[in-house]
Amino acid sequence: MKTLIHSQFTCIRNANRPVRARGFTLIELMIVLAIVSILAGASIPSMQSLVRSIRLSSATNDFIAALTITRSEAVKRHGRVVMCKSPDGLACAAAGGWEQGWIVFHDLDDDGIRDRTEEVIFRAQALPRSIRVTGNQNIARYISYVSGGTTKLTGGGFQAGTLTVCNQDAKGGAAREIILSSSGRPRVQKTTVSACG
């Protein structure tokens, strides 16, 4: 009984105290919003740079994977297997960059151009519009592996060169180079370019 009276007395005593409202004032809310907007504005450029870097890495990895398929198929089939630029997934393109897509096919007549009778082993769709992939020297149009796993031109000479993967929308900056040696093994290195294209 004593406890019951004591708790009722406590409730009555607390009920007479003024209650303070808890929450934010308008000024506190404005300060928080200002800080959040400053932090968001500062993080947008770094987020765009992260997205560009992920796109570069993804496109580079896709290309390396296709080169690996081309090489292993040449060894497995004991013959020439070619990877060429192809926007439609059926025929090799003479113009444009590698970003339009590519195919890997068994080149039975050793000419570096896919004929209707030659089997397409692998097709890659076009890369995102912002990505550009250009090859120099002997790898601008096609890359050809022979049965020993090395790269060779259709004329018989060794085939080597560098492909540059970059972001067109960045107008330069970070890029990746896929360096292909005559042994047929590609390697990747980071680089910067003054302009993408």
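Strand 4 pairs with strand 6 in the antiparallel sense, over five bridges. The model is a predicted one. Within this pairing, Arg132 stands opposite Cys166 of strand 6. Strand 6 is also joined to strand 7, residues 173–180, by six bridges, and these two strands run antiparallel. Here Leu163 has Ile178 in strand 7 as its bridge partner.

How many residues of strand 6 are buried? The strand covers residues 161–167, and seven of its seven residues are buried. In a regular strand, side chains alternate between the two faces of the sheet. Both faces of strand 6 are covered.

Ile131 is found in strand 4. Is this residue buried or exposed? Ile131 has a relative accessible area of 1%, so it counts as buried, the cut-off for buried being under 20%.

Leaving out residues up to four places away in sequence, Ile131 touches Arg55, Leu56, Ala59, Glu99, Val165, Cys166, Asn167 and Gln168. Gln100 is 31 residues from Ile131 in sequence, and the two are 9.7 Å apart in space, from C-alpha to C-alpha.

Strand 2, residues 102–106, is joined to strand 3 by four bridges, and the two run antiparallel. In strand 3, Phe122 stands opposite Val104.

## Two loop residues with positive phi

His78 has a positive phi of about 55°, although it is not a glycine. Where is His78 placed? His78 is in the loop between helix 2, residues 26–77, and strand 1, residues 81–85. Its relative accessible area is 67%, so His78 is exposed, the cut-off for exposed being over 50%.

Gln137 also is not a glycine, and has a positive phi of about 50°. Gln137 lies in the loop between strand 4, residues 131–135, and strand 5. With a relative accessibility of 62%, Gln137 counts as exposed.

## A nonpolar patch on the surface

Which residues form the nonpolar patch on the surface? Leu26, Leu29, Met30 and Leu33 form it, and together they have about 420 Å² of accessible area.

One of these residues, Leu29, is found in helix 2. Leu29 has a relative accessible area of 40% and is partly exposed. This value lies between the cut-offs of 20% for buried and 50% for exposed, which is why Leu29 is described as partly exposed.

Notes
Residues are numbered from 1 along each chain as its sequence is written. This is a predicted model: local features need pLDDT of at least 70, side-chain atom pairs count only at pLDDT 80 or more; totals for chains, interfaces and linings use all residues. Side-chain values use heavy atoms; hydrogens and water are left out. Two strands pair if DSSP finds at least two bridges between them. Buried means under 20% relative accessible area, exposed over 50%, partly exposed in between (1.4 Å probe, protein chains only). Patches are made of residues with over 30% relative accessible area and no salt bridge: like charges are joined within 9 Å, nonpolar side chains (Val, Leu, Ile, Met, Phe, Trp, Tyr) within 5 Å. Accessible areas come from the Shrake-Rupley method with a 1.4 Å probe; for residues, only the protein chains shown count as cover. A salt bridge is a side-chain nitrogen of Lys or Arg within 4 Å of a carboxyl oxygen of Asp or Glu. Contact means heavy atoms within 4.5 Å.
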